[in-house]
Amino acid sequence: MLLLGCIREVTDYELAISLPNGLSGFVPVTQISDAYSKLLTKQVAQGELMEELSSLPDMYSPGTLVRCIVTSIEKSDDGRRSVKLSIDPRKVNKGLNSTALAAGMVLSGSVLSVEDHGYLIDIGVTGTHAFLPHQKAKNYIKAVKKGPELQIGQNLNCLVVEVKNEGRVVCLSIDRSEVAASIATEQQNWTLSNLLPGLVVKARVQKVVPLGMKLTFLSYFSGIVDFMHMDPEKSTSYFPDQGVKACVLSVHPTSRAVRLTLLSSFLHPGGAPRQLPGQRLGAVLEEATVKAFYKHFGAVLELDDGTLAFARLKHLSKTRKSFKPEAFKEGCKHKCRIIDYSLMDEMCVVSLKHQVIEARFLQYQDIHTGDVVQGKVVSLKSIGMQVKVADGIRGLVPSLHLSDVILKQPEKKYSIGDEVKCRVLECNPGGKKLILTLKKSLVQSKLPVLSNYEDAKPGLITHGFVVCAREFGCIVKFYNDVKGLVPKNELSSEPISCPDKVFYEGQVLKVMVLKCEPQQERLLLSFRLSSKPGPEEKWKCTPKEKREVKYQIGEIVDVKILKKKDNGLEVSILEDEDNVVAWIPTLHLSDFVATSKLLWHCLREGDVLPRVMYLSDKGEHIILSRKSAVISAVQEEQVVRSFSEIQPGMLLTGYVRNVMPFGVFVEFPFGVTGLAPKVSMSDKFVTDTKDHFVVGQTVIAKVMSIDEEKQRVLLNLKVSECSSGDSAAESFALLDQYFKELKEIRDFLRRGEPRICELVPGKGVHLVVQDVREDGSALFSGSSVTGLTVTATRYHLGDKNVAPGEKRKALVLHVDALTSEVHVSLREELLKQRP
């Protein structure tokens with residue numbers, strides 16, 4: 001079937017064509033012309049770019065009319081039909097032969113070669129040589145501004161000026177004024193077998209019907225003009241035997257049915273249809289008036305600016321059952337949304353469907369980088385997942401972005417039809433390219449979206465994902481292909497010698513911008529989100545010259561508390577003539593993090609702490625530790641004093657120095673530090689490293705591997721890997737130490753809070769119900785718990801109904817000395833077991 005179409009979009013690989021009656025199709029790069037296809041084949045064979053081969057955007061512009069022939073209609077998986085077209089003159093003009101050529105004809109041609117005095121044009125007629133002189137092309141070239149001369153494969157609207165030697169030689173013109181003035185006549189001997197779309201003819205109205213009218217032209221031809229192609233200003237004034245000017249839109253090959261248009265933009269060859277203002281597409285109109293309703297097609301509506309629009313039948317209501325024809329009588333008003341514009345019909349296409357009117361996206365231009373969108377899984381392939389975001393809008397989730405971790409079998413997590421929440425990584429409306437991510441840490445991120453280099457101001461903290469980890473550092477990518485470098489020294493506050501062992505492709509991390517050069521598209525980043533010194537580093541002690549005594553790591557001393565600070569204790573070492581001042585960080589008061597905080601709470605300035613171990617001398621102050629497990633490891637020589645002593649398989653006692661998203665740094669006595677990567681942190685799956693470890697926590701680590709050249713130690717913190725064999729004995733020893741420290745805390749507490757020390761778990765107390773809360777828990781008071789908050793949860797009230805003022809006997813379950821809270825139970829089964 002032959003059709004007149006209008007180029008809607010141009011890409012490197014195809015032309016998107018607007019066809020009559022709101023249809024569309026595409027012309028692949030291989031269906032431009034025979035000469036262009038040969039150049040493409042030659043370029044592929046040579047493997048290098050050829051100067052004479054121009055790209056489609058260099059030759060074609062949106063808004064240009066072209067003659068097309070339908071080559072195939074393909075059906076996609078979701079039932080949509082795709083119309084494949086060709087503009088190759090050999091296919092479009094196949095009905096013509098050299099004897100049928102006549103002066104005044106307008107037909108399609110394609111540049112075959114560039115000669116000294118003009119161009120050889122392929123008009124698709126065997127045995128005919130068509131020549132276009134430079135003089136007949138210069139005005140066209142100047143107007144189109146696509147280069148100094150025509151390019152091979154460029155499609156042209158050609159006027160036959162002269163025919164020589166019985167059609168074997170033809171002289172052409174593409175001068176716009178000459179082409180526009182031409183009208184097809186009977187003398188040109190057109191037949192139904194070679195009639196071409198795009199011809200402008202003089203016609204006569206034969207019959208007027210509600211859906212259009214019938215015309216006669218070129219003496220004995222007849223054709224149809226449908227309601228969308230009647231001049232809207234004259235649509236009610238057409239009458240039989242009226243003379244009109246018309247343009248051929250399509251010719252059916254078998255039925256010989258000819259369709260024409262009376263729209264003014266097409267009434268001279270090579271015309272250009274009117275465009276829709278860009279801002280109108282997607283606009284929602286509160287009131288559009290019905291002008292006409294066609295029960296098998298749809299409705300024509302008048303918009304707020306007086307222009308006409310068409311709504312297809314399926315867009316008039318949600319379902320066929322809910323459709324009410326009486327709502328579309330002439331004059332009825334409806335809310336609608338402009339969803340498309342048909343260039344060949346010069347008419348907006350609208351929808352009255354509520355879900356379309358409310359839809360967030362209608363076209364790729366509506367989507368912005370960083371948007372969070374809902375989509376439906378369409379397909380799963382090796383390159384990733386295809387997601388339908390809206391009708392006509394699809395995006396790709398690359399395999400790397402299917403999850404926060406790399407999925408080896410994504411089909412086990414996702415199924416076709418699943419609803420998914422994605423974030424837009426990149427959107428290119430021109431190329432209809434939409435790249436999405438399903439990484440939760442990116443989708444749920446509240447940090448700024450970095451989508452261009454100009455926004456990368458120093459100090460900005462945002463989320464990015466690792467695309468490359470090498471010896472020099474990590475390459476981190478953001479949105480719109482913005483990427484930067486995290487150099488080796490900015491990967492962590494601890495040295496990392498092999499980044500590729502710590503970081504993995506696709507890993508999402510917080511990064512801070514250090515420096516940006518937008519013009520060079522250079523970005524310097526850091527995983528160290530703050531360069532500010534921590535509280536421990538801010539603490540200053542007595543100058544170095546005041547302490548000449550040299551203590552050895554592992555040496556045990558007694559200390560006296562001089563001052564309590566937020567993050568630790570300032571102490572003086574007893575039996576030292578120089579009164580050397582040292583520092584015990586809060587987290588080094590005990591092996592147990594909770595106990596450390598409790599000890600700090602109940603200790604006072606002036607208290608003496610026995611058996612504290614010298615740990616290190618960093619900069620200007622001595623650091624001491626009271627961690628029992630660390631002290632025991634040093635005294636029993638279960639330590640390494642230098643890197644050279646470390647061997648794979650060793651079990652070492654240390655403490656967490658830093659918790660990073662990619663793993664945990666552990667420090668041991670004598671200063672050796674190692675890294676436990678995320679995969680080796682726990683027997684459970686680790687999503688967030690901070691859920692498993694805290695800074696200062698005492699740990700037993702197993703040495704996995706060492707790199708002597710780079711002074712690097714990799715550790716394993718999995719409980720299943722870090723037991724020496726007698727796990728029961730180890731557990732009891734830890735419990736024993738825990739209870740000893742609790743007893744010590746109780747002794748300290750007796751000085752200021754004796755009442756809380758008497759309340760040990762398992763003790764029975766007499767209480768008075770003070771209040772019953774909305775959640776069912778109860779609040780108590782009593783002489784034995786004055787100044788304390790005593791509560792029992794709903795479960796621990798048992799089956800008893802309690803009311804304010806009642807006296808009850810209760811059992812102490814837990815005492816929190818830090819918050820002065822006591823938890824009790826009234827359950828009979830617990831009270832009976834109390835000795």
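**Entry 1**

The model is a predicted one, in which local features need pLDDT of at least 70, side-chain atom pairs count only at pLDDT 80 or more, and totals for chains, interfaces and linings use all residues. Residues are numbered from 1 along each chain as its sequence is written, and side-chain values use heavy atoms, with hydrogens and water left out.

I then checked the strands on either side of that pair. Strand β9 covers residues 155-164 and strand β10 covers residues 169-173. They run antiparallel and are joined by 5 bridges. For my notes: two strands pair if DSSP finds at least two bridges between them. Strands are DSSP runs of E, at least two residues long, and helices are runs of H or I, at least four; both are numbered from the N terminus.

Next I followed the sheet around. I found that 5 strands close into a barrel, in the order β6-β7-β8-β10-β9, with mixed pairing. The twist from one strand to the next averages 50°. Axes here are lines fitted to C-alpha atoms, for helices over the stretch in contact, and angles run from 0 to 180 degrees between N-to-C directions. As a reminder to myself, strands of a sheet pair through backbone hydrogen bonds, either parallel or antiparallel.

**Entry 1: the barrel that holds β41**

I looked for the strand order around β41. A closed barrel of 5 strands runs β41-β42-β43-β45-β44, and its pairing is mixed. Here the average twist from one strand to the next is 50°.

I took the strand pairs in turn. β41 (residues 764-772) and β44 (residues 807-816) run antiparallel, with 5 bridges between them. In β44, A810 is the bridge partner of V765. β41 also pairs with β42 (residues 778-781), in the antiparallel sense, over 4 bridges. V768 faces S781 of β42, and V769 has F780 as its bridge partner in β42.

How many residues lie between the strands in the hairpin of β41 and β42? I counted 5, and within that hairpin G776 takes a positive phi near 95°.

I checked burial along α10, residues 593-602. T595, S596, L598, L599 and C602 are buried. Buried means under 20% relative accessible area, exposed means over 50%, and partly exposed lies in between (1.4 Å probe, protein chains only). Down the axis of α10 the buried residues fall within an arc of 165°, so they line one face of the helix. The arc is that of the directions from the helix axis to the C-beta atoms.

E637 follows α11 and has a positive phi, near 60°.

**Entry 2: single residues**

I looked up I622 in strand β35, residues 621-625. I622 counts as buried because its relative accessibility is 2%. A582 is 40 residues away from I622 in sequence, yet the C-alpha atoms are 4.8 Å apart.

N21 has phi near 60° and sits in the loop between β2 (14-18) and β3 (24-28). Is N21 buried or partly exposed? N21 is partly exposed, at 32% relative accessibility. E346 has a positive phi of about 45°. Its loop joins β19 (333-342) and β20 (347-351). E346 is buried, with a relative accessible area of 10%.

**Entry 3: the whole chain**

I closed with overall values. The protein has 14 helices and 45 strands. Of its 835 residues, 46% count as buried. The C-alpha atoms fill a box of roughly 125 × 70 × 45 Å along the principal axes. The radius of gyration is 42 Å, whereas a compact globule of 835 residues would have one near 28 Å. That radius is taken over C-alpha atoms, and the globule rule is 2.2 Å times the number of residues to the power 0.38.
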